[in-house]
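Subject: Structure handover

Hello,

Please find the structure below. My notes on it follow, and they are meant to be read with the model open.

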Amino acid sequence: MIARKLCALGSHRVLEPAGALPQAARKLDATPAAHANEILCDVEALNIDSASFRQIVAANAGDAARVAAHVLALVEERGKHHNPVTGSGGMFVGRVREIGEELAAHCDLRVGDRIASLVSLTLTPLRIDAIERIDMATGRIWIRGTAILFETGLYATLPPDFPDDVSLAVLDVAGAPAQVRRLVAPGQTVAILGADGKSGMLACAQARERAGTSGRVVGFGPDATTPGARLLLDEGYVDAFVELDARDALAVLAEIPTVLPELADVTINCVNVAGTELSSILLTKDEGTVYFFSMSTSFTAAALGAEGVGKDVTMIVGNGYAKGHAETALATLRNRPPLMRYFMQRYGSES
Ligand SMILES: NC(=O)c1ccc[n+]([C@@H]2O[C@H](COP(=O)([O-])OP(=O)(O)OC[C@H]3O[C@@H](n4cnc5c(N)ncnc54)[C@H](OP(=O)(O)O)[C@@H]3O)[C@@H](O)[C@H]2O)c1
């Protein structure tokens, strides 16, 4: 390991380019030994961010062996799972192996604790010794390897009442339901794109609670007959689920008078494909808010798109972190048994 001054943000692990912080770096040093201000974990599984996994799967024609080789090569090259195409990563579940001596006294973790990282794999030094299995449906990858958490790195101890795989799925997108609670007020109209995905379903449930029965929540997605879309309707988390391709802004525009004539006070974008900025903007009222949780969001497409259609909307970048977000996301399921059952079935190991 190269000797550098230890930094709370992990810059001492940056190999290239000099002066960068870990997220912006091209390459990190993933040597599996904890510095005084780090935590070393044995990694059991990665939850690859949905936009990233979808891109990697497409680039490898859906072949699991090629996906594994791709991920191995990417992590070997960069010392982290940072997809250069989507710019996104994911998070990991693992067991604490070593706690650096400066952290040991005031850290609430002990060697042997099992945790989920709540910071992105795009800034987490990661080494993969072997890939054991890939779930092509969920983007879960079971590995043997190690990761480093920095002094400022966020993590959650795994809740005892959730299977690990479900915790991983929920914690990966924990920022979305927490932000929805902040953004949506009683009586408002809310549009959620990608409503039957992980973050979309949690967002719908929280939007319903916050908007109340005087508000309106409308989910959008490519297929209204999925089990997720049906659950959203059956449980009343959405008032309607509209089938559309959010990449087709003109088609969305044509549908608006029928499906959302009042337009949305708040639009939440939870899709995992590129090119949906304009649909989100068109669905939103003047002076409304668009929250782009999707990692496929382009700043220029959103900024210039809104300007181009003359919409004065507030657009928010989907920070993956919000205070208390892990607890909020887990409680979203705990307080809603049907949603919990759905996540168990869809994202649990037996899926
Ligand atoms: N901001 C953050 O910190 C953060 C953290 C984690 C993840 N993310 C990002 O958040 C997004 C959602 O993640 P997730 O894990 O919830 O993904 P997910 O479970 O894969 O859900 C994605 C949803 O988008 C829908 N979708 C796909 N193509 C669409 C289209 N053309 N029009 C409308 N809907 C479409 C999918 O429908 P089908 O299933 O029918 O295709 C699905 O409902 C991803 O971009 C992910 O990378 C952001």
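I will start with the ligand. One of its oxygen atoms is 2.8 Å from a polar backbone atom of Val271. Taken alone, the ligand exposes 930 Å², and the protein buries 87% of that. Please keep in mind that this is a predicted model.

In Asp49, an N or O atom of the side chain is 2.2 Å from a ligand oxygen. In Ser199, a polar side-chain atom lies 2.7 Å from an oxygen atom of the ligand.

There are 25 residues around the ligand, and those that come nearest are Asp49, Ser50, Asp196, Ser199 and Gly318. Sorted by class, this shell has 10 nonpolar, eight polar and seven charged residues. Helices α1 (50–59) and α6 (198–211) each supply at least two residues of the shell. The most comes from α1, which gives three residues.

Next, the strands. Which strand is largely enclosed by the rest of the structure? It is β7 (residues 140–150): 10 of its 11 residues are buried, so the rest of the structure largely encloses this strand. Buried here means under 20% relative accessible area.

Strand β7 has a pairing with β3 (residues 38–48), which is antiparallel and runs over nine bridges. In this pairing, Asp42 stands opposite Thr146 of β7. Strand β6 (residues 126–135) also pairs with β7 in the antiparallel sense, over eight bridges. Here Arg133 is the residue opposite Trp142 of β7. Together β6 and β7 form a hairpin, with four residues between the two strands. Gly139, in the turn, has a positive phi of about 80°.

The last item is helix α10 (residues 299–308), where Ala302, Gly305 and Ala306 are buried. Why are these three on the same side of α10? They cover an arc of only 95° around the axis, which puts them on one and the same side of the helix. An α-helix has 3.6 residues a turn, so residues three or four places apart point the same way. The face of α10 turned away from the buried side carries exposed residues: Phe299, Leu304, Glu307 and Gly308.

Regards

Definitions and conventions
Residues are numbered from 1 along each chain as its sequence is written. This is a predicted model: local features need pLDDT of at least 70, side-chain atom pairs count only at pLDDT 80 or more; totals for chains, interfaces and linings use all residues. Side-chain values use heavy atoms; hydrogens and water are left out. A residue is near a molecule or strand if one of its heavy atoms lies within 4 Å of it. A polar contact is a pair of N or O atoms within 3.5 Å; within protein, one must be able to donate a hydrogen and the other to accept it, and residues adjacent in sequence count only if both atoms are side-chain atoms. Accessible areas come from the Shrake-Rupley method with a 1.4 Å probe; for residues, only the protein chains shown count as cover. Ala, Val, Leu, Ile, Met, Phe, Trp, Tyr, Cys and Pro count as nonpolar, Asp, Glu, Lys and Arg as charged, and the others, Gly among them, as polar. Buried means under 20% relative accessible area, exposed over 50%, partly exposed in between (1.4 Å probe, protein chains only). Two strands pair if DSSP finds at least two bridges between them. The arc is that of the directions from the helix axis to the C-beta atoms.
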